[in-house]
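Thanks for making time this morning.

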Amino acid sequence: MTTTFGTAPGKKPKAKGAAKVHTAKSKGQFAVFWLMFRRNKLAVVGLVIMVALVLCALTADFITPYYPNDQNLQGAFQWPSSDHWFGTDEFGRDIFTRVVYGSRQSLFVGLASVAISCVIGSLLGLIGGFYGGLIDNVVMRVSDTFMSIPSTLLAIAIVGSLGSSMRNLLMAIAIAQIPGFARIMRAAVLKVRSMEYIIAARVLGIPNRSIIMQDVLPNCLSPIIVNITLSVGFAILSCAGLSFLGLGIQPPTPEWGGMISTAKNYVRDYPYMTIFPGAAIMLTILALNFLGDGLRDALDPKMR
C-alpha cells in the first residue's frame with residue numbers, strides 16, 4: 001500500500017485554496033463589512049475624526065486647561081498663543097476650551113434628535129410599507145405635508161412658537177427629519193415584502209409581527225444606518241443655525257453656532273473667533289459625510 005508522507009492514511013491533503021475559502025467564510029459578515037469599509041480611505045478618516053470628537057466630548061474636563069465660562073477681562077481678544085491655543089473671546093474666555101465643550105452640545109443634539117426621528121420615522125415607514133392600503137396612504141400624505149416645508153424653516157417655526165430650550169430644540173430637529181426616515185424605510189420594506197421568503201412565511205401562517213421583526217426589519221436596516229450618519233450632520237448644522245439665530249442653546253453655554261453668532265460682531269478685527277468654531281462644524285460634517293459614504297459602500301451587496 002502506498003502511503004503519502006506528512007498526511008494521515010486514507011485522507012487527502014487539503015488544497016491551499018480551499019483552506020483560504022474556509023477561513024474567509026469563518027470570519028463572518030462583520031469581517032466582510034470591515035474589509036469593504038476600510039478600503040475607503042476617506043471613510044476611515046471620517047471614522048477616526050468622529051471617534052476623536054466623541055473622546056474630546058467625553059474627556060473635556062480633563063483635556064482643557066480652563067473652565068469654559070471663566071472670564072478674564074484683562075485677557076480679552078488675545079490671538080492664538082501657547083497659553084490660549086485658539087485665542088480668547090470678548091470676555092477673556094479660552095476659545096479652545098469652549099470649542100471642546102461645545103462638541104458635547106452639538107453631538108448630543110445631533111445623536112439624540114436623530115435617535116428620536118429614526119425610531120418614529122422608521123416605525124411609521126415600516127408599518128405603512130408592510131400593510132399598505134389606507135395606513136400607507138395616511139403615513140405618506142402626512143410625510144409629504146411636512147416635506148413640503150423646508151426643514152430649517154419648520155425647525156425655526158417650532159422653536160419660535162414653543163420657546164428656546166433643549167427639549168424644544170430636540171423636538172424641532174427630530175420632527176423635521178421624521179418624514180425622511182419614514183420614506184427610506186417604506187421604500188426598503190416595499191422591496192423586501194415581495195421576496196419569496198416573505199410570501200412563504202405568510203402562506204405558512206406566521207404572524208405579521210414575527211415576520212416584521214425577524215424577516216423584514218433586519219433586511220431594511222442598511223439604508224437606515226447610512227441615513228443616520230447624514231442626518232446627524234444635518235442635525236448638528238440645524239442646531240448651529242438655530243443657536244446662531246438665538247433660538248437654540250442659549251449663552252453662556254458653549255455651542256459652536258452660538259459662538260459664531262457672538263463672534264460675528266468682531267469678525268473683521270478678530271477673525272479667529274469665528275474660524276475655530278466654524279472649522280469644528282465643517283470638520284464634523286465632513287467626517288460624517290465620509291463615514292456615510294463608506295457605510296453605503298460596505299453595506300451594499302453589489303459593491304462586494
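I will talk about a pair of helices, then a pocket, then one serine.

This is a predicted model, where local features need pLDDT of at least 70 and side-chain atom pairs count only at pLDDT 80 or more, while totals for chains, interfaces and linings use all residues. Residues are numbered from 1 along each chain as its sequence is written, and side-chain values use heavy atoms, with hydrogens and water left out.

Let me begin with helix 11 (residues 221–244) and helix 12 (residues 256–263), whose axes come within 7 Å and cross at roughly 35 degrees; helices here are DSSP runs of H or I with at least four residues, numbered from the N terminus, and axes are lines fitted to C-alpha atoms over the stretch in contact, with angles from 0 to 180 degrees between N-to-C directions. On the helix 11 side, I236, A240, S243 and F244 meet W256, G257, G258, I260 and S261 of helix 12, contact meaning heavy atoms within 4.5 Å. Those residues divide into 5 nonpolar, 4 polar and no charged, with Gly counted among the polar ones, and Asp, Glu, Lys and Arg as charged.

Helix 12 also supplies the largest share, 5 residues, of the lining of the second largest pocket. By class, that lining has 10 nonpolar, 8 polar and 5 charged residues.

Finally, S103 lies in helix 5 and touches, among others, W256. Why does S103 count as buried? Because its relative accessibility is 2%, and buried means under 20% relative accessible area with a 1.4 Å probe, protein chains only.

Technical notes: Helix = DSSP H or I, 4+ residues; strand = E, 2+ residues; numbered from the N terminus. Buried < 20%, exposed > 50% of the residue type's maximum accessible area, 1.4 Å probe, protein only. Lists of a residue's contacts leave out its neighbours within four places in sequence.
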